[in-house]
Amino acid sequence: MTSPVRVTAAVSKVLAAFLEDPEADRYGLDLMRASGHPSGTLYPILLRLQRAGWVDAVWEEIDPVAAGRPARRYYRLTPDGLVAARTEIAALRRQLDRATGAVTKPRPA
C-alpha cells in the first residue's frame with residue numbers, strides 16, 4: 001500500500017541527499033549528515049517515503065561482532081521514487097525561482 005507524500009522543506013532535503021547519488025545505498029547517519037536533520041526528523045521522513053513506495057530499505061548482512069558495529073539499515077530510492085524525487089525537486093526550484101524572481105537554466109535529467 002502506498003500513501004501520498006507531502007513534500008515539505010525537510011522532505012526535500014532528504015530527497016536532495018538521495019539525488020546526490022541515486023544509485024547509492026545510504027544509511028541513517030550518512031543521510032543525517034547530508035540533509036542536516038537529526039534522527040528524530042530523518043527517520044519519520046524515511047518511513048513516509050517507504051510507505052509511499054519511493055524508498056526501499058534493507059538491513060546490512062554483517063556479523064556485528066566482527067565488524068565492530070551494529071548492522072546498518074540501508075535506504076535507496078526506488079525507480080518510482082527517483083522519478084518522484086526529481087519531479088518534486090524541480091517543482092520546488094521553479095517555485096523558489098518564481099518567488100525570488102531568479103531565472104535558472106533547466107537541469108539535465
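At what angle do the axes of helix H2 (residues 28-35) and helix H3 (residues 39-51) cross? In this predicted model, the two axes cross at roughly 110° and come within 10 Å. H2 and H3 are therefore roughly perpendicular to each other, given that angles from 65 to 115 degrees are put in that class. On the H2 side, the residues involved are Gly28, Leu29, Leu31, Met32 and Ser35, and these meet Ser39, Leu42, Tyr43 and Leu46 of H3. Sorted by class, the contact of H2 with H3 holds 6 nonpolar and 3 polar residues, with no charged ones.

H3 also packs against H1. Here the axes cross at roughly 75° and come within 10 Å, so H1 and H3 are likewise roughly perpendicular to each other. H1 brings Ala10, Val11, Val14, Leu15 and Phe18 to this meeting, while H3 brings Thr41, Leu42, Ile45, Leu46, Arg48 and Leu49. That works out to 9 nonpolar residues, 1 polar and 1 charged in the contact of H1 with H3. Leu42 and Leu46 of H3 turn up here and also in the contact with H2. As for spacing along a helix, an α-helix has 3.6 residues a turn, so residues three or four places apart point the same way.

Ala10 gives a close-up of this region. Ala10 sits in helix H1 and, setting aside neighbours within four places in sequence, is in contact with His37, Thr41 and Ile45. Take the pair Ala10 and Ile45: they are 35 residues apart along the chain, yet their C-alpha atoms are separated by 8.1 Å. Is Ala10 buried, exposed or something in between? Its relative accessibility is 22%, so Ala10 counts as partly exposed; the cut-off for buried is under 20%.

The other partner of H1 is H5. Helix H1 (residues 9-19) and helix H5 (residues 79-100) pack with their axes 10 Å apart, at an angle of about 120°. That angle makes H1 oblique to H5, as the roughly perpendicular class stops at 115 degrees. The crossing of H1 past H5 is left-handed. Ser12, Leu15, Ala16 and Leu19 make the contact from H1, and Leu82, Ala85, Arg86, Glu88, Ile89 and Leu92 make it from H5. The tally for the contact of H1 with H5 is 7 nonpolar, 1 polar and 2 charged residues. Leu15 of H1 belongs to this contact as well as to the one with H3.

H5 itself holds up to a simple length check. Its 22 residues, at 1.5 Å a residue, should span 32 Å, and the end C-alpha atoms are 32 Å apart, so the two agree. Which residues of H5 are buried? They are Gly81, Leu82, Ala84, Ala85, Ile89 and Asp97. The buried residues of H5 pack against H1 and strand E3 (73-77). Leu82, Ala85 and Ile89 are among the buried residues and also take part in the contact with H1.

With 27% relative accessibility, Ala71 counts as partly exposed. Not counting residues up to four places away in sequence, Ala71 touches Trp59, Glu60 and Ile62. The C-alpha atoms of Ala71 and Glu60 are separated by 5.5 Å, with the two residues 11 apart along the chain.

Technical notes:
Residues are numbered from 1 along each chain as its sequence is written. This is a predicted model: local features need pLDDT of at least 70, side-chain atom pairs count only at pLDDT 80 or more; totals for chains, interfaces and linings use all residues. Side-chain values use heavy atoms; hydrogens and water are left out. Axes are lines fitted to C-alpha atoms, for helices over the stretch in contact, and angles run from 0 to 180 degrees between N-to-C directions. Helices (H or I, at least four residues) and strands (E, at least two) are DSSP runs, numbered from the N terminus. Angles under 35 degrees count as roughly parallel, over 145 as roughly antiparallel, 65 to 115 as roughly perpendicular and the rest as oblique. A crossing is left-handed if the near helix is turned anticlockwise from the far one by less than a right angle, and right-handed if clockwise. Contact means heavy atoms within 4.5 Å. Ala, Val, Leu, Ile, Met, Phe, Trp, Tyr, Cys and Pro count as nonpolar, Asp, Glu, Lys and Arg as charged, and the others, Gly among them, as polar. The expected span of a helix is 1.5 Å times one less than its number of residues. Buried means under 20% relative accessible area, exposed over 50%, partly exposed in between (1.4 Å probe, protein chains only).
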